[in-house]
Amino acid sequence: MDETEFWSLIDATRQAAEGDPEDQADLLIERLTQLDPDSVLYFARHFEARYNRAYRWDLWGAASVLLGGAGDDAFDCFRCWLIGQGREVFEGALHEPDDLADLLDEFDERVDGDAEDLGYAADEAYEQLTGAELPDLGLPEQPSEPLGSPLDLDDEAALAERFPKLWEGRSRLRA
């Protein structure tokens with residue numbers, strides 16, 4: 001499975017699930033179990049590489065604004081959600097996290113903020129296909145600290161300044 005096939009599978013399942021991450025995870029498992037175990041392993045590598053790539057302070061700050069606060073677990077779920085949004089949104093968020101404000105009209109922090117199952121779809125599919133756990137992916141470990149300049153996630157003024165579109169949009173939606 002190459003990168004194009006990976007993103008195609010993400011897009012197809014997101015569209016079929018109408019954006020619901022839990023349904024998308026179920027559809028991913030269903031589609032992955034139609035592939036061979038090596039393809040599932042490649043899918044898992046693509047997912048994990050992007051998950052680790054998104055371990056950045058600026059994305060954590062954006063997640064904190066979107067979710068009204070984001071600890072470690074919430075940020076992990078956010079990164080799964082971000083990958084589940086497809087290549088264009090993922091790459092766009094890496095370039096400028098504040099542009100995630102364009103998704104606010106459709107963002108539901110209770111549903112979209114709980115996309116952890118997307119991160120386990122390959123594990124589940126591999127286990128269904130082989131009866132064994134997904135082997136080590138052979139990728140470098142996630143850095144011990146997020147990449148980029150640290151942000152004080154509790155400093156609302158700093159978050160509002162760094163993410164003006166997200167801040168304004170979330171404030172408008174919460175009002």
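How many of the 11 residues of helix 4 are buried? In this predicted model, 11 of the 11 are buried, so helix 4 is largely enclosed by the rest of the structure. The residues concerned are Trp-57, Asp-58, Leu-59, Trp-60, Gly-61, Ala-62, Ala-63, Ser-64, Val-65, Leu-66 and Leu-67. The helix is followed by Gly-68, which has a positive phi near 70°.

Ser-64 illustrates the setting of this element. Ser-64 belongs to helix 4 and has a relative accessible area of 6%, so it falls in the buried class, for which the limit is under 20%. When residues up to four places away in sequence are not counted, Ser-64 touches Gly-69, Ala-70, Leu-153 and Leu-159.

The largest nonpolar core has 51 residues. Within this core, the residues with the most contacts are Phe-43, Leu-66, Phe-78, Leu-82, Ile-83, Leu-100 and Leu-166. Two or more core residues come from each of helix 1, helix 2, helix 3 (37-53), helix 4, helix 5 (72-84), helix 6 (87-95) and helix 8. Helix 4 gives the most, with 8 residues. In soluble globular proteins, nonpolar side chains tend to be buried together. For Leu-82, the contacts beyond its neighbours within four places in sequence are Leu-59, Val-89, Phe-90, Ala-93 and Leu-100. Of these contacts of Leu-82, Leu-59 is one of the buried residues of helix 4, and Leu-100 is, like Leu-82, among the core residues with the most contacts.

Aromatic side chains were examined next. The count comes to 11 aromatic pairs. One of them joins Phe-6 and Trp-7, with ring centres 5.0 Å apart. The planes of these two rings stand at 75°, and the pair is edge-to-face because this angle is over 60 degrees. Phe-6 is buried at a relative accessible area of 0%, and Trp-7 is buried at 3%. A stacked pair is formed by Trp-57 and Trp-60, with 5.5 Å from centre to centre and 15° between the planes. Trp-57 and Trp-60 are 3 residues apart in helix 4 (residues 57-67), so about one helical turn separates them. An α-helix has 3.6 residues a turn, so residues three or four places apart point the same way. Relative accessible area is 12% for Trp-57, which is buried, and 7% for Trp-60, which is also buried. Both tryptophans belong to a cluster linked by ring pairs, together with Tyr-55, Phe-75, Phe-78, Trp-81 and Phe-107. Phe-78 of this cluster is also listed among the core residues with the most contacts.

A further arrangement involving a ring is found at Tyr-51. The charged end of Arg-79 sits over the ring of Tyr-51, at 3.8 Å from the ring centre. Tyr-51 is also one of the residues closest to the centre of the largest pocket, along with Glu-48, Gly-119, Asp-123 and Leu-137. This pocket has a volume of about 540 Å³ and is lined by 24 residues. Helix 3, helix 5 and helix 8 each give two or more residues to the lining, and helix 3 gives the most, with 5 residues.

Glu-18 lies in the loop between helix 1 (3-16) and helix 2 (21-32). Its phi is near 50°, a positive value in a residue other than glycine. Most residues other than glycine have a negative phi. Glu-18 is exposed, with 74% relative accessibility.

Ser-149 occupies the loop between helix 8 (121-130) and helix 9 (156-162), and at 61% relative accessibility Ser-149 is exposed. Asp-58 is one of the buried residues of helix 4. Asp-38, in helix 3, is partly exposed, with a relative accessible area of 48%. The C-alpha atoms of Asp-38 and Glu-161 are separated by 45 Å, and these residues are 123 residues apart along the chain.

Note on methods
Residues numbered from 1 in each chain as written. Predicted model: local features only at pLDDT ≥ 70, side-chain atom pairs only at ≥ 80, totals over all residues. Heavy atoms only, no water. Helix = DSSP H or I, 4+ residues; strand = E, 2+ residues; numbered from the N terminus. Buried < 20%, exposed > 50% of the residue type's maximum accessible area, 1.4 Å probe, protein only. Phe/Tyr/Trp six-rings, centres within 6.5 Å; stacked < 30°, edge-to-face > 60°. Lys NZ or Arg CZ within 6 Å of the ring centre and 35° of its normal. Core = buried A, V, L, I, M, F, W, Y, C linked by side-chain atoms within 4.5 Å. Contact = heavy atoms within 4.5 Å. 1 Å grid on protein atoms, 1.4 Å probe; cavity = no way out; pocket = protein on both sides within 12 Å on 5 of 7 lines; lining within 4 Å. Points joined across faces, edges and corners; volume = space filled by probe spheres on them.
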